[in-house]
Amino acid sequence: LRANAAVYAANRALLLEALPRLGFTDIVPADGAFYLYCDVSHWTGDSLAFAGEMLDDIAVAVTPGIDFDLRRGRHFIRISYAGATADMREAVRRRAGRSRIASA
């Protein structure tokens, strides 16, 4: 359990450092969960389409905010960091080199 918690803490730190450089500047504080909730309203008003573009374009899966909040969720995505650190690094690398996904 402690080993998993340490990996998740490292992944959280990695993403909190990298995501602002990728344009994800408004991140809801992650207190006790295994995910980050990120505002994408400066790119889109449709988090479902945004999540689909990420999956199609760079093979990185995120969850659209509408799965959690039908009223405001269209402006947010949820990014899980409950995985391998190498996978987190690869997702960051792919997002940094994206081809079609809207950017600020």
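**Entry 1: the sheet**

Two strands pair if DSSP finds at least two bridges between them. I took strands (E, at least two residues) and helices (H or I, at least four residues) as DSSP runs, numbered from the N terminus. With that settled, I looked up Cys-38, which stands opposite Ile-77 in S4.

I noted what I was working with: this is a predicted model, in which local features need pLDDT of at least 70 and side-chain atom pairs count only at pLDDT 80 or more, while totals for chains, interfaces and linings use all residues. Residues are numbered from 1 along each chain as its sequence is written, and side-chain values use heavy atoms, with hydrogens and water left out.

I then asked in what order the strands of the open sheet stand. The order of the 4 strands is S1-S2-S4-S3, and the pairing is antiparallel. Strand S1 (27-28) and strand S3 (63-64) are at the edges with a single partner strand each, so one side of each has no neighbour in the sheet.

I went through the pairs one by one.

- S1 and S2 run antiparallel and are joined by 2 bridges; Ile-27 has Cys-38 in S2 as its bridge partner.
- S2 and S4 are antiparallel too, with 5 bridges between them. Tyr-35 stands opposite Ser-80 in S4, and the bridge partner of Leu-36 in S4 is Ile-79.
- S3 and S4 run antiparallel with 2 bridges; here Pro-64 stands opposite Ile-77 in S4.

I also found that S1 and S2 form a hairpin with 6 residues between them, and that Gly-32 in the turn has a positive phi of about 90°.

Of the 5 residues of S2, 4 are buried. I use "buried" for under 20% relative accessible area, "exposed" for over 50% and "partly exposed" for what lies in between, with a 1.4 Å probe and protein chains only.

**Entry 2: helix H1**

I checked the length of H1 first. Its 20 residues should span 28 Å at 1.5 Å a residue, and its end C-alpha atoms are 30 Å apart, which agrees. The expected span of a helix is 1.5 Å times one less than its number of residues.

Which residues of H1 are buried? I listed Asn-11, Leu-14, Leu-15, Ala-18 and Leu-19. The buried residues of H1 pack against S1, S2, S4 and H3. After H1 comes Gly-23, whose phi is positive, near 100°.

I picked out Asn-11, which lies in H1 (residues 2-21). Asn-11 has a relative accessible area of 0%, so I wrote it down as buried. Apart from neighbours within four places in sequence, Asn-11 is in contact (heavy atoms within 4.5 Å) with Tyr-81, Gly-83, Ala-84, Thr-85 and Met-88.

**Entry 3: helix H3**

H3 (residues 85-96) has 12 residues and reaches 17 Å from its first C-alpha to its last, close to the 16 Å expected. Its buried residues include Thr-85, Met-88, Val-92 and Arg-95. These cover an arc of only 90° around the axis, which puts them on the same side of H3. The arc is that of the directions from the helix axis to the C-beta atoms. Ala-86, Asp-87 and Arg-93 are exposed on the other side of H3. I looked for what covers the buried residues of H3 and found H1, helix H2 (47-58) and strand S4 (76-80) among the cover.

**Entry 4: the core**

A nonpolar core is a set of buried Ala, Val, Leu, Ile, Met, Phe, Trp, Tyr and Cys residues joined through side-chain atoms within 4.5 Å. The largest one has 23 residues, and those with the most contacts inside it are Leu-15, Leu-19, Phe-24, Leu-36, Cys-38 and Ile-77. H1, strand S2 (35-39), H2, S4 and H3 each supply at least two residues of this core.

I followed up Phe-24. Leaving out neighbours within four places in sequence, Phe-24 is in contact with Leu-19, Cys-38, Val-40, Trp-43, Phe-50, Ile-77 and Arg-95.

**Entry 5: two loops**

Arg-71 is in the loop between S3 and S4. Buried or exposed? Arg-71 is exposed, because its relative accessible area is 60%.

Last, I looked at Ala-59, in the loop between H2 and S3. Ala-59 has a positive phi of about 55°, although it is not a glycine.
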